[in-house]
Amino acid sequence: MARLQPPDREDHIAQCYFELGLACRRRRKFAEAIQHCEDSLDLQESLYGLSNPSTAKCHILLASIVGEIESYGVAMACFKRALAVIGVDSIGEDSSSEDEDTDHDTIAALAWNNIALLEKNHGMYGQALYYYKKSIQVYEREGCVAEAAIVYSNASLLLLKTGDHEKALQFIQKAITLKVESKEIGPLHLSTAITHNNHGLVLYEMERYEEALSSHGYAIEIRDKILGKSDKSTAQSYHDSARALKQMN
């Protein structure tokens, strides 16, 4: 017998809890974020069951929040539970699900991107790059342009931190190209502004100050138009631009 569609009201409430969890995480209100995430998870498991992309995404968000406030081991255990929901028994394994109605591979890619961030924050740069590359591989294979762009950008900052400036430059340039071409993001999106600014940071470390100034200028143009000059993100781009300009004089 086919599963009945969940009531719209309960589905909407579950999504609201999920969005609240995301918002609280951004504001670093981790206890509230965990509570909202668990509330969403309870509803989604009752509506969709355990092995469902919506449920898996909620597990991944919960694991990511735990990763910011708990030990490495506790966070990795949470990620293992999140991946088990989509049939991945070990952290580095590909999805084994044969369910064509759910996009388990892209859910795994989302998890790997978040695991990479956890590894990076604990100084495990080689492992972090491994998971970023796994995530990119899946997103590119599935045609998820916007998602691939975000992971390329994340990986470029990791490569910059490790001193691999040339590779960092390749990754950040790829991120810009994908974001500009993406229907979901495009050339005038705040996400694109972030990547332009990060591009400038990479170029600055390579002592290519004039090019860095240009990249920060693109970021300023977008942020100024959307956020205004008084926003702290716009101010940061102005600061980075002034730093590059100083090196040119």
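1. Searching the whole structure turns up 3 aromatic pairs. The criterion is that rings of Phe, Tyr and Trp (its six-membered ring) pair if their centres lie within 6.5 Å, with planes under 30 degrees apart counted as stacked, over 60 as edge-to-face and the rest as tilted. Tyr130 and Tyr131 make an edge-to-face pair, because their planes stand at 70 degrees with the ring centres 5.0 Å apart. Tyr130 is partly exposed at 38% relative accessibility, whereas Tyr131 is buried at 5%. (Buried means under 20% relative accessible area, exposed over 50%, partly exposed in between, with a 1.4 Å probe and protein chains only.)

2. A word on the basis: this is a predicted model, in which local features need pLDDT of at least 70 and side-chain atom pairs count only at pLDDT 80 or more, while totals for chains, interfaces and linings use all residues. Residues are numbered from 1 along each chain as its sequence is written, and side-chain values use heavy atoms, with hydrogens and water left out.

3. Tyr152 and Phe171 also pair edge-to-face, at 5.3 Å centre to centre and 70 degrees between the planes. This pair links distant parts of the chain, 19 residues apart: Tyr152 is in helix H7 (residues 145-162) and Phe171 in helix H8 (residues 165-181). Helices here are DSSP runs (H or I, at least four residues), numbered from the N terminus. Tyr152 is buried at 11% relative accessibility, and Phe171 is buried at 8%.

4. Do look at two charges over rings (NZ of Lys or CZ of Arg within 6 Å of the ring centre and within 35 degrees of the ring normal). Lys134 places its charged end over the ring of Trp112, 4.3 Å from the centre. Arg243 lies over the face of Tyr204, 3.7 Å from the ring centre.

5. Helix H2 (residues 30-48) has 19 residues and spans 26 Å from first C-alpha to last, close to the expected 27 Å (1.5 Å times one less than its number of residues). Its buried residues include Phe30, Ile34, Leu41 and Tyr48. The buried residues of H2 pack against helix H1 (8-26) and helix H3 (53-69), where contact means heavy atoms within 4.5 Å. Just after H2, Gly49 has a positive phi of about 90 degrees.

Key: Helix = DSSP H or I, 4+ residues; strand = E, 2+ residues; numbered from the N terminus.
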